[in-house]
Amino acid sequence: TLHQHSWGATHPQILNTWNMLNSNVFRMNQLLFPASNPNAEQIAQGKFLRAYNMMFILDLFGKVPFRDADEGIDVDPVVFEAQEAFDFIMQDLNDALPDLPTTGPGANTNRASKATANFLIAKMMLNKHIYLQGPQGTPDPADMTAVIQAVEAISDAGFTLQQGYFDIFTQNTDSETVLSVDQEVGFKIWNGLHYNQPAPDNPGGGWNGFSTTAEFFDLFEGDPNINEPGSGQEERRGFVPTDGTDLGIGYGFLIGQQYGPEGNPLNDRAGNPLVFAREFDELTGNNERTGIRVIKYHPVNGGFTRHQVLLRYADAHLMKIEAMLRGGSGGGNALELYNELRAIRGASTAGSITLEDILDERGRELYTEGWRRSDQIRFGTYLNSWAVKEASEDHRVLFPIPAQAMLSNPNLTQNPGY
């Protein structure tokens, strides 16, 4: 349903997402209420977290309901339309900035800092024309300059590109993680691995769930049919070990024959060679071997690793380049910054770049990190057809307000098309 953009207002996951994000906002309203007597840093942390959650509500639904902490359940929440929501979020971030700690890369990335606030400021300003004008909106060069300045404030705090891509997704300190959450990463590991790919802390194997499309895999340099070491691939595409390295489980994109911890070729449960195939004929009715699997957090580091990355510097680096191409001032040379990232990831450098190149690079760098939908809307590709998906109706750039929320709050109006 998510892949084909066929959801409706009664889908339970849409309701769950709406409720979770709005509950988080209300908890921050309680924290920030005078009766809670928060100190200056608690206020700053609370305003950042409120802005973080409200940003996703605005991004997904286009409007944000709001209830003060002293209002009872008999009071219908007011509804901030896009401009009012945008202004509220930006005010929270600017209010929080002075009282947030100044921290760089290290062990304190599971709390908000000046860098996290600047990251969200950059993200908000980069998407401002989409939030306020719709998918056909035109960016203001002044807003793009603000993106560049916010990203430079992050780099001034010491954040920089990390050598060793998959090292970022371990519990070790890295130079890129701007914000992380102290939460186990096992569900990000097991969801794509096959049932016959066990690990010490998950001997039952994976859930055989999620795969990617061949056309996304083909955005990466390397042999399109295999991903074994030496296949000419860039670092971010990862590799499938054939000698039992790292439990026999690959990094990045798993395609072709899969191997066990002794380098032995694996089979599926029916005894067929466990060869992950490139193509899907349909989204349903596939066998156990269909689809290229994706893995960033690796079981060799443990599924109980408590370092889930939410915001990282490479995203900010790419936001800066994009803002420069969209008319922002300052920041240096966009092509040099683009090639700096590609070189550190073991990819070939370019002689020129376009906005389309930036979208592709964001896909290669940030896959599975939760930004693809927002990126595709900003670049105008979200409604396009792609593998096992027809072109979408214009209104699919926003999700529907859940039917249950519409019934409970008469101040809400349904998004067009639903």
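I began with R269, whose charged end sits over the ring of Y195, 3.9 Å from its centre. My test for a charge over a ring was NZ of Lys or CZ of Arg within 6 Å of the ring centre and within 35 degrees of the ring normal. I found K123 placed over the ring of W371 as well, 3.8 Å from its centre.

A note on the ground rules: I am working with a predicted model, where local features need pLDDT of at least 70, side-chain atom pairs count only at pLDDT 80 or more, and totals for chains, interfaces and linings use all residues. Residues are numbered from 1 along each chain as its sequence is written, and side-chain values use heavy atoms, with hydrogens and water left out.

Next I looked up aromatic pairs and got 21. Rings of Phe, Tyr and Trp (its six-membered ring) pair if their centres lie within 6.5 Å; planes under 30 degrees apart are stacked, over 60 edge-to-face, and the rest tilted. I noted F66 and F88 as a tilted pair, 5.0 Å centre to centre with 55° between the planes. F66 is in strand β1 and F88 in helix α3, so this pair ties together parts 22 residues apart in sequence; helices (H or I, at least four residues) and strands (E, at least two) are DSSP runs, numbered from the N terminus. F66 is buried at 8% relative accessible area, while F88 is partly exposed at 22% (buried is under 20%, exposed over 50%, partly exposed in between, with a 1.4 Å probe and protein chains only).

Last, I checked N37, which has a positive phi near 50° and sits in the loop between α1 and α2.
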